[in-house]
Amino acid sequence: MYKLTPRMRQQLKQFITQYHHLFDGGRCSGWELEELIVKAIKADTQAQHHVLWKEGGHDDKADIVIHTSDVDYKVQVKSGQFDKKNIVLSGHRLGRFKGDLKAISDYLNSSEANIISVPYYKKEDSGGRKHVYKLCYVDVKNLHGLIDDNWKKKKTVYEQVNEAGVVFSLYPSMSWQIWWRIPITAIEVTDIGEIG
């Protein structure tokens, strides 16, 4: 699994800090984080990691591909948010499968890109407003293990839980978008820190 070097993490924090000097209202969004992570990887010239990224791309296989001396890493970049003991992430819309739960399960089970997520929350105290970011690494193996006939319909949503404890939710009303509720025990979390 690809992880940012300490220098890249430091650079990412600097970029997010610059963002919040301009925009104080809320989080840095997913597409902005994607670009900032790419810039942070490029900024660590000692690591000699080469990143391939297409601005505004909609490749559902990987947002970015990082080439190191001997490995190509496929990575999806997500913002996400914490929900008590989980991180909640949204994925691609899977309407092209027209509700075929077997095809959707096979597709999700075949995904190869690990996820770098940068969840956010805002806190206000006597010191003022703070923007708090974490850096989370999600191994794609924890997002596999779906069984096509294990989906349960709950009102208008289809749900399934895999062996890693990840709750998968499919929303037909949102073009069959997939959402993951991933236990924090199944991810690696690093602090980026408070900004503000």
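Predicted model: local features only at pLDDT ≥ 70, side-chain atom pairs only at ≥ 80, totals over all residues.
Residues are numbered from 1 along each chain as its sequence is written, and side-chain values use heavy atoms, with hydrogens and water left out.

Let's begin with the whole chain. Along its principal axes, the C-alpha trace spans about 50 × 45 × 30 Å. Of the 196 residues, 43% count as buried (under 20% relative accessible area; exposed is over 50% and partly exposed in between, with a 1.4 Å probe and protein chains only). The protein chain exposes about 10,800 Å², and carbon and sulfur atoms supply 49% of it; these areas come from the Shrake-Rupley method with a 1.4 Å probe. Of the contacts between residues at least 6 apart in sequence, 60% join residues at least 24 apart, where contact means heavy atoms within 4.5 Å.

The chain contains three helices and 13 strands, which are DSSP runs numbered from the N terminus (helices H or I, at least four residues; strands E, at least two). Six strands make an open, antiparallel sheet in the order E4-E5-E12-E11-E10-E9. Strand E4 (81-83) and strand E9 (152-154) stand at its edges with a single partner strand each, so one side of each is left without a neighbour in the sheet. On average, neighbouring strands of this sheet are turned by 30° against each other, direction ignored; the axes behind such angles are lines fitted to C-alpha atoms, for helices over the stretch in contact, and angles run from 0 to 180 degrees between N-to-C directions.

Strand E8 (residues 128-138) is worth a look too: nine of its eleven residues are buried. E7 and E8 form a hairpin with two residues between them.

| Strand pair | Bridges | A bridge partner pair |
|---|---|---|
| E6 (residues 114-117) and E8 | three bridges | Ser117 and Cys136 |
| E7 (residues 120-125) and E8 | six bridges | Glu124 and Arg129 |
| E11 (residues 167-171) and E12 (residues 177-183) | five bridges | Ser169 and Trp179 |

Now for the rings. The structure holds six aromatic pairs (rings of Phe, Tyr and Trp, the last by its six-membered ring, with centres within 6.5 Å; planes under 30 degrees apart are stacked, over 60 edge-to-face and the rest tilted). Phe97 and Tyr107 have ring centres 5.3 Å apart and planes at 45°, so this pair is tilted. Phe97 lies in the loop between strand E5 (86-93) and helix H3 (101-109), and Tyr107 in helix H3, so the pair ties together parts ten residues apart in sequence. Tyr107 counts as buried at 16% relative accessibility. Tyr171 and Trp179 form an edge-to-face pair, 6.4 Å centre to centre with 70° between the planes. Tyr171 is partly exposed at 26%, and Trp179 is partly exposed at 28%.

Finally, find Thr68 in the loop between strand E2 (64-67) and strand E3 (72-78). Thr68 is buried, with a relative accessible area of 10%. Leaving aside residues up to four places away in sequence, Thr68 touches Tyr2, His49 and Tyr73.

Technical notes. Pairing = 2+ DSSP bridges.
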